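Thanks, everyone. I'll keep this short. Please have a look at the model before I start.

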Amino acid sequence: MAKLDFGGVEEEVITSDEFTMEQAREVLKDETIVVLGYGVQGPAQALNLKDNGLSVIVGQLEGDEYWQKAVSDGFVPGETLFPLEEAAKRGTIIMELMSDAGQVATWPKIKQCLNEGDALYFSHGFSIVYKDQTEVIPPENVDVILVAPKGSGTSVRNNFLEGQGINSSFAIHQDYTGRARQRALAIGIAIGSGYLFPTTFEKEVFSDLTGERGVLMGCLAGVMEAQYNTLRSHGHSPSEAFNETVEELTQSLIRLVDQNGMDWMFSNCSTTAQRGALDWAPKFRDAVAPVFENLYQSVASGKETQRVLEANSTPDYREKLTRELDTIKNSEMWTAGAAVRSLRPDRRGK
Ligand SMILES: NC(=O)C1=CN([C@@H]2O[C@H](COP(=O)(O)OP(=O)(O)OC[C@H]3O[C@@H](n4cnc5c(N)ncnc54)[C@H](O)[C@@H]3O)[C@@H](O)[C@H]2O)C=CC1
Ligand SMILES: CC(=O)[C@](C)(O)C(=O)O
Ligand SMILES: [Mg+2]
Ligand SMILES: [Mg+2]
């Protein structure tokens, strides 16, 4: 497995060239793979596994909208689609891809379905690491493995369909069979990872919860809103404020960061912009550093997971989340955004 220099630190990674799909098929040839949950990651991982030639069974609460989606994606009730426990009983690799709160709610039943030598698989360290809150404590006679795609399930699927991969981390919590690592790597490659990097369940969940609350989602939404509001309060039009805050980023500058890094993006902007961005970056860094520290403490102490379990375990949790998302959708900033996006040449008139 390749050792690579990441900015002066040597780390091991496993690419899909080193651990090929042929090897993955060989490792998985006697396994029955069961995907529990058909929300965002469930369909992506199940369909990629299936398209890679592996047989996959989906487990889902019978008859609900996720069940219907599984049916419309080609899973057949009674053959490849079963209620949760029935599915879990059939599996030798049981993939926990219900929401984290859903994993907790169903664990007392799912744990009864595990047989000696099974592999219990997660895409998040949540259930295992915060066991004081979740009470998810697997029996000793199973493997407990993790592959966490570093992206939305939507991208896991779309990248796969485009012939691209997604980066994932992998970890072993428990190796009962002596095959846990092989099983984790094989599933990791088969769900469409371009490469896999090692982590632990704890490192995965601490970094993941920090990242999504921080730069990837929470901070991103917050700083965009702050800049938009500043521009608006000084008399700039919604379209100008939105273009200068979001559209220019997503249509141009972040793509340059994606291609070749931050300095590359800077070097393709005016020297006027470079001077100002270089001066202001440390101010923003220092202003938000305490918020990030606060966030990390809140993750490490279990406060964040407690909040998630409380909020997402109520029967109406999805309606409540949708209401909050609708507030963003219907705000001036994001309705202006919809109008701005509709003006892109490829969307005009559609
Ligand atoms: N959404 C994503 O793209 C990513 C998710 N993950 C992790 O993957 C796992 C799955 O996440 P998502 O796909 O976002 O899940 P989701 O939030 O879309 O989960 C929906 C699924 O959970 C089931 N579910 C929810 N509450 C339930 C309950 N009380 N009883 C039974 N089933 C219940 C639903 O029936 C449905 O199958 C989580 O551990 C998550 O942290 C990791 C990387 C990215
Ligand atoms: C997409 C992803 O990896 C996240 C943001 O961590 C998640 O959806 O939980
Ligand atoms: Mg993540
Ligand atoms: Mg996450």
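One definition first: a crossing of two helices is left-handed if the near helix is turned anticlockwise from the far one by less than a right angle, and right-handed if clockwise. Keep in mind that this is a predicted model.

Now the helix pair. Helix α2 covers residues 41-51, and helix α8 covers residues 153-161. They pack at an angle of about 25 degrees. Their axes are 7 Å apart. Angles under 35 degrees count as roughly parallel, so α2 is roughly parallel to α8. And the hand? The crossing of α2 and α8 is left-handed.

Which residues make the contact? From α2, we have Gln-41, Pro-43, Ala-44, Gln-45, Leu-47 and Asn-48. From α8, we have Gly-153, Thr-154, Val-156, Arg-157 and Phe-160. By class, the α2 contact with α8 has 5 nonpolar, 5 polar and 1 charged residues.

Last, helix α9, residues 180-190. Is α9 mostly covered or mostly open? Mostly covered: 8 of its 11 residues are buried. The buried ones are Arg-183, Ala-184, Leu-185, Ala-186, Ile-187, Gly-188, Ile-189 and Ala-190. Note the arginine in that list, Arg-183. Just after α9 comes Gly-192, with a positive phi of about 105 degrees.

Note on methods
Residues numbered from 1 in each chain as written. Chains lettered and ligands numbered in written order. Predicted model: local features only at pLDDT ≥ 70, side-chain atom pairs only at ≥ 80, totals over all residues. Buried ≥ 20, exposed ≤ 12 C-beta atoms within 10 Å, placed from the backbone. Helix = DSSP H or I, 4+ residues; strand = E, 2+ residues; numbered from the N terminus. Axes fitted to C-alpha atoms, helices over the stretch in contact; angles between N-to-C directions. Parallel < 35°, antiparallel > 145°, perpendicular 65-115°, else oblique. Contact = placed C-beta atoms within 7 Å. Nonpolar A, V, L, I, M, F, W, Y, C, P; charged D, E, K, R; others polar.
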